[in-house]
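Subject: Structure handover

Hello,

Here is the structure I said I would pass on. My notes on the pocket, the ring pairs and the salt bridges follow below it.

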Amino acid sequence: MTDNTVPAEQAALLARIHATAFTPVHRWDAQAMAALLAMPGVFVLFAQGEGIPPVAGFIMARALLDEAEILTFAVDPAWQGQGIGRDLLARCLNEAARAGAADMFLEVADDNVAALGLYHAAGFAVVGGRRKYYPDGTDACVMKREI
């Protein structure tokens, strides 16, 4: 039997970073992070680079068979605008490709202009939508990119 338990410290760290980037209604707590981390195919990449601490941001994705999905993505506002998000996204696409994924999917709030710009610049296209997807009733865009 495989032990799929996630260290509580890692889930708590992800929740702390997530809380810096999202409003209270959109934040995921440590319990939610632990549940995601325990799922098959999930991986997390932290911010990296000279002078950039890992707590500046992370991206969590899941790769299964030939598809991958970004589950959540957070960059601390104090570190935004420095290319961290672009780097995390590129590294995530590379990791998903190494895992065998041919396509990457994600959902993003349709009013999140900065995130939409980042995804469009990285080659993602809107392929659908989800009405009232988020807890506050905001709609989501479903985006896809070939890897």
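Strand β3 supplies 7 residues to the lining of the largest pocket, the largest share. Helices and strands here are DSSP runs numbered from the N terminus, with helices being H or I of at least four residues and strands E of at least two. This is a predicted model, in which local features need pLDDT of at least 70 and side-chain atom pairs count only at pLDDT 80 or more, while totals for chains, interfaces and linings use all residues. Residues are numbered from 1 along each chain as its sequence is written, and side-chain values use heavy atoms, with hydrogens and water left out.

The largest pocket holds about 1000 Å³ of space. A pocket is taken on a 1 Å grid over the protein atoms alone, as an open set of points where a 1.4 Å probe fits, with protein on both sides within 12 Å along at least five of seven lines; lining residues have an atom within 4 Å of a point. The volume is the space filled by probe spheres set on the points, which are joined across faces, edges and corners. Of the 37 lining residues, F22, F73, N112, A115 and Y119 are the closest to the centre of the largest pocket. At least two lining residues come from each of α1 (8-21), β3, α3, β4 and α4. By class, the lining has 20 nonpolar residues, 11 polar and 6 charged (nonpolar: Ala, Val, Leu, Ile, Met, Phe, Trp, Tyr, Cys and Pro; charged: Asp, Glu, Lys and Arg; polar: the others, Gly among them).

Next, the aromatic rings. Rings of Phe, Tyr and Trp (its six-membered ring) pair if their centres lie within 6.5 Å; planes under 30 degrees apart are stacked, over 60 edge-to-face, and the rest tilted. That rule gives 4 aromatic pairs. One of them is F46 with F58, which is tilted because the planes stand at 50 degrees, with the centres 6.5 Å apart. F46 lies in strand β1 (residues 42-46) and F58 in strand β2 (residues 57-64), 12 residues apart, and the pair links distant parts of the chain. F46 is partly exposed at 21% relative accessibility, whereas F58 is buried at 0% (buried is under 20% relative accessible area, exposed over 50%, partly exposed in between, with a 1.4 Å probe and protein chains only).

F73 and Y119 form another tilted pair, at 6.3 Å centre to centre and 50 degrees between the planes. F73 is in strand β3 (residues 67-75) and Y119 in helix α4 (residues 113-121), so this pair ties together parts 46 residues apart in sequence. F73 is buried at 14%, and Y119 is buried at 6%. Ring pairs also join F73, Y119 and F124 into a cluster.

Last, the charged side chains. The whole structure has 4 salt bridges (a side-chain nitrogen of Lys or Arg within 4 Å of a carboxyl oxygen of Asp or Glu). Among them is E95 with R98, at 3.0 Å from N to O. Both residues lie in helix α3 (residues 84-98), 3 residues apart, about one turn of the helix. E95 is partly exposed at 27%, and R98 is exposed at 62%. R130 meets E107 at 3.1 Å, N to O. This pair links distant parts of the chain, R130 being in strand β5 (residues 125-130) and E107 in strand β4 (residues 103-109), 23 residues apart. R130 is partly exposed at 37%. R131 and D139 form a salt bridge at 3.2 Å, N to O, and R131 is exposed at 64%.

Regards
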